[in-house]
Amino acid sequence: MVTCLGDMFFPEVGVSVTRLLRRLGVTVDFPLGQTCCGQPLFNSGYHAGATRVAARTVEVFRDAEHVVVPSGSCAYMVRHEYPALLRDTPARAEAERLAGQTYELSQFLVRVLGKTRFKASVSGRVTYHDSCHLLRGLHESEAPRILLKNLEGAELVELPGGDECCGFGGSFSVRLPEVSSQILDKKIRNIEATGAACVVACDSGCLMQMGGGLGRRRSKVRPLHLAELLAGDER
Amino acid sequence: MSETDLSVPFRRRAGSALGDKHLQEALTIATTKFIGLRRDAFDEFPEGERLRDLAREIKEATLQHLDRYVEQLIDSVERLGGHVHYATTPEEARRVVLDIAARTGARMAVKSKSMASEEIHLNEALEAAGVIPIETDLGEYIIQLAHERPSHIIAPAIHKTKGQVADLFAKELKRQVAADPEELTRIARVELRQKFLEADLGITGANFAVADTGTVVLVTNEGNGRMVTSLPRVHVAIMGVEKVVPSMTDLMVFLQILAKSATGQKLSVYTTLVRGPRRPGELEGPDEFHLVLLDNGRIRQIAGPLREALYCLRCGACLNVCPVYRQIGGHAYGYTYPGPIGILLTAMLEGPGSVKDLAHASSLCGACVDACPVRIDIPKMLVELRREIDEARIAPWTERLAYGLMEKVLASPTLYRWSKPLARLLQRPFARDGRIRSVPLAFTEWTRTRDLPALAPQTFHERWPTLK
């Protein structure tokens, strides 16, 4: 599943995921009917619309053995919100099945495939930002760190306040842009203080926010999705 | 007392807070300190996680039979010679207190920190009735001098730096005062000592009330709570009706996690247990004891969508970790209870219409749930409030149109596919090297401070055929 932001703004992440999974022997399919997980509608309170988008997504992925999403918040949406949203619809059983089969990328690599050692596509210091939904929604802080610590050619430095929100929050970032930007300022100061060449995250939303702020400041730090970093050869 | 001007839109109120250098300094120092203290306290307390679960279960079970526990509490307090009053509205609660003050001829009231008394705007009512209210918690004392309202549930003057407090004291006392916390505290203590002795009425809140023993529990750090409950002739405690706990055993569960969540202390310095008025043979304590139970929209939510907000212990942990609160402080929210839990409590007390902007004052990052001693799922209820706001159709029509359009596009693969060439065409005047630095309409707010990635020359959908 390559959800809306990834599809439109970061297609190279999807390409990296495809290559990575194929190299690990996974048969990768991309059902063309998919669009977005419906989270923007859901989080803003437009639940009738979110339910329709969710029902479609469940239908599109009904034949998938595992669904891998390179975005923590979309994985959270499918795993935790779909079953409740579709509780009173005919799609209920399918929604529960899909919730059980859906994994954020780092979780899939580490917890399903048991693959933890990769070669880095860039060298030097990297730092990691915990995306809120992956960390506190899916309770996952380990899988990405296992992958990053084992990376050949890159060194992980912990980000001070790495578990704090980057200020994205979907519509929050445009409804309260001043507050969102000030939260981001702090995040960027912390990132730059690590001396890392790139900041890694597992969520398109955070990458858009942090990348937007780093770009505006003409910072040398590159925002990178975990998949892009792992796209070196598997050892 | 100065109020936040609610006619100013929330976004502008937040904007002013962001530009206030003193506020920013004070907030960063205080919230960072609280976060560290809380984390250390729970790191050293392995049974903490289990007790948090247990506390949550006790809250759930108590609310299930709240009527029974409230009746039991009333019986217990009356058996001890105290009086219990039930107030459905803030007006009723104020009336109860003013009647007690009038009947006992009270001229001055000393107060221990109480959010419930803030909620019913008691100080203004007392002043109007000729009773002078004196706040005796140091933070409350400071903001009373400044004619402000609390900006944090447990640290009401969190928005002030020590320099600002020194200036405030200097103005009040008309002499030089050093910006030294110990010196400032000493001054307040001297000023307040006489008031404790003079006051006729002692007013407190209550952190808990134990149903089967009639014990009203105050958790404080300065000892002022104990003075307020023992020196004046009359003691009135005001408490949200949901704060009743069944037994002393249950109380112990909460006491073990409350101070750790609030300030990182194992226990607060004072845990005051009040059981009715002074009994024959006792040396201290009031002649009269009154407990005011406040509903004010709470009971309705036992079966409502905000039910979980009734578990709140008022520890303030969710404020300290909230990225929004940490940037804007408490006053910008505009109501008695600030921060993430405050949005829910405001919706509970004032109705969901009052939070149509505040419901969006969260990135839904979930830091509040992790910090909450009873794990209240605040983001879930914020989303629920947003849904209510959508269904009540009070969001601006432009927003509803935009989300309606979004749904159409996201629910149709064809529209989704064709929206991309269209977007590419529209972004052409603005995009340079794959990024957009300025763009009109919806995303102009984004691009003021951040670059926006341009729509990729080929989306993943468009690249997929070449990857097969």
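The buried residues of α9(A) are covered by parts of chain A that include α7, β3 (119-128), α8, β4 (152-158), β5 (198-201) and α13 (226-229). Those buried residues are A143(A), P144(A), R145(A), L147(A) and L148(A). Here buried means under 20% relative accessible area, exposed means over 50%, and partly exposed is in between, with a 1.4 Å probe and protein chains only. Helices (H or I, at least four residues) and strands (E, at least two) are DSSP runs, numbered from the N terminus. Contact means heavy atoms within 4.5 Å.

This is a predicted model, in which local features need pLDDT of at least 70 and side-chain atom pairs count only at pLDDT 80 or more, while totals for chains, interfaces and linings use all residues. Residues are numbered from 1 along each chain as its sequence is written, chains are lettered from A and ligands numbered from 1 in the order in which they are written, and side-chain values use heavy atoms, with hydrogens and water left out.

**Domains of chain A**

Chain A is assigned domain 1 (4-110) and domain 2 (116-231); such bounds come from an automatic or database domain assignment. The contact between them takes 27 residues from domain 1 of chain A and 26 residues from domain 2 of chain A. The C-alpha centres of domain 1 of chain A and domain 2 of chain A are 22 Å apart.

Between them, domain 1 of chain A and domain 2 of chain A bury about 2,100 Å², with 69% of it on carbon and sulfur atoms. Buried area is the accessible area (1.4 Å probe) that two parts lose on being put together, summed over both. On the side of domain 1 of chain A, Y76(A), Q107(A) and V110(A) lose the most area to domain 2 of chain A, and together they make up 21% of what that side buries.

The count of salt bridges between domain 1 of chain A and domain 2 of chain A is zero, a salt bridge being a side-chain nitrogen of Lys or Arg within 4 Å of a carboxyl oxygen of Asp or Glu. Ten residue pairs, both at pLDDT 80 or more, are in polar contact between domain 1 of chain A and domain 2 of chain A. A polar contact is a pair of N or O atoms within 3.5 Å; within protein, one must be able to donate a hydrogen and the other to accept it, and residues adjacent in sequence count only if both atoms are side-chain atoms.

On the side of domain 1 of chain A that touches domain 2 of chain A, at least two residues each come from α1 (4-9), α2 (11-23), α5 (72-85) and α7 (105-112) of chain A. The residues of this side divide into 13 nonpolar, ten polar and four charged. In this scheme Ala, Val, Leu, Ile, Met, Phe, Trp, Tyr, Cys and Pro count as nonpolar, Asp, Glu, Lys and Arg as charged, and the others, Gly among them, as polar.

**Chain B and its interface with chain A**

Chain B has 21 helices and 13 strands. Its C-alpha atoms fill a box of roughly 90 × 55 × 45 Å along the principal axes. Of the 468 residues in chain B, 57% are buried. Among contacts in chain B with a separation of 6 or more, 73% join residues 24 or more positions apart.

The contact between the chains takes 61 residues from chain B and 63 residues from chain A. The area buried between chain B and chain A is about 5,500 Å², and carbon and sulfur atoms give 61% of it. The rule finds six salt bridges across the interface of chain B and chain A. One salt bridge pairs E407(B) with R52(A), with the closest N and O atoms 2.5 Å apart. Across the interface of chain B and chain A, 30 residue pairs are in polar contact, both residues at pLDDT 80 or more. Helix α18 (residues 397-410) of chain B gives the most to the side of chain B that touches chain A, with seven residues. That side of chain B divides into 31 nonpolar, eleven polar and 19 charged residues.

**Single residues**

L98(B) lies in helix α5 (residues 90-103) of chain B and is buried, with a relative accessible area of 14%. Not counting residues up to four places away in sequence, L98(B) touches A125(B), L126(B) and A129(B). L98(B) and A125(B) are 27 residues apart along the chain, and their C-alpha atoms are separated by 7.8 Å.

Two residues other than glycine with a positive phi are listed below.
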